Amino acid sequence: MSETPTFAMWHKLAGKPGGKQLFSAAMCLRVPYFRTVLPSVRELRPGHCEVTAPKWWGVYNHIRTFHAIAACNLAEIAMGMLAEATVPTTHRWLPKGMTVRYVAKAETGLRAVAALPELPEFGEDGFDLDVPVTISDTNGRPVVTGTITIWVTPKKR
């Protein structure tokens with residue numbers, strides 16, 4: 001199974017000095033809205049992605065905590081990178097829906113972890129894939145939990 005261009009770039013850059021930062025910057029060039037949270041991809045492998053974002057004035061809400069929708073943006077980044085590392089090049093994926101719970105105030109920078117309990121089978125039929133995401137503060141306390149559903153289908157030949 002061949003890697004997506006995104007996952008191949010991760011493998012090329014992640015082990016080099018400054019490579020993860022360069023990968024994260026390239027990701028933001030490809031998807032400009034992502035840069036609003038200043039994301040940094042920390043880990044990426046099939047079924048798992050970890051992304052961090054600092055607390056800065058651009059993500060503040062009215063009480064100077066990390067805005068809920070900015071946290072959702074971070075969740076979408078983690079899910080998207082997981083999908084790029086997991087879904088084979090014979091298939092495509094599209095976000096279909098997101099459910100989130102805001103479980104605590106986000107008063108620090110955040111770490112989003114998207115992790116599948118097991119890798120799915122990629123066959124001839126389309127299917128919904130639920131990607132759980134937990135967003136924690138710098139103390140490891142969950143502040144947002146959610147599930148992002150993606151629709152996975154074989155590419156047309």
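Visitor: Hi! Leaving aside neighbours within four places in sequence, which residues is Ser-136 in contact with?
Guide: Hello! In this predicted model, Ser-136 is in contact with Gly-109, Leu-110, Arg-111, Arg-141, Pro-142 and Val-143.

Visitor: And where is Ser-136 found?
Guide: Ser-136 belongs to strand E5.

Visitor: Is Ser-136 buried or exposed?
Guide: Buried: the relative accessible area of Ser-136 is 13%, and the cut-off for buried is under 20%.

Visitor: What about Ile-135, what is that in contact with, again leaving aside neighbours within four places?
Guide: Ile-135 has contacts that include Ala-71, Leu-74 and Ala-75, and also Arg-141, Pro-142, Val-143 and Val-144.

Visitor: Let's talk about the largest nonpolar core. Which of its residues touch the most other members?
Guide: Those are Val-41, Leu-44, Val-131 and Ile-135, out of 43 residues in that core. Elements giving two or more residues to this core include helix H1 (5–13), helix H2 (19–30), strand E1 (40–45) and strand E5 (127–137).

Visitor: Which element gives the most to this core?
Guide: H3 does, with eleven residues.

Visitor: Switching to H1 now. Which residues there are buried?
Guide: Phe-7, Trp-10 and Leu-13 are buried in H1. They lie on the same side of H1, because they cover an arc of only 135 degrees around the axis.

Visitor: What is exposed on the other side of H1?
Guide: Pro-5 and Lys-12 are exposed there.

Visitor: And what covers the buried residues of H1?
Guide: The cover includes H2, E1 and H3.

Conventions. Residues numbered from 1 in each chain as written. Predicted model: local features only at pLDDT ≥ 70, side-chain atom pairs only at ≥ 80, totals over all residues. Heavy atoms only, no water. Core = buried A, V, L, I, M, F, W, Y, C linked by side-chain atoms within 4.5 Å. Buried < 20%, exposed > 50% of the residue type's maximum accessible area, 1.4 Å probe, protein only. Helix = DSSP H or I, 4+ residues; strand = E, 2+ residues; numbered from the N terminus. Contact = heavy atoms within 4.5 Å. Arc of directions from axis to C-beta.
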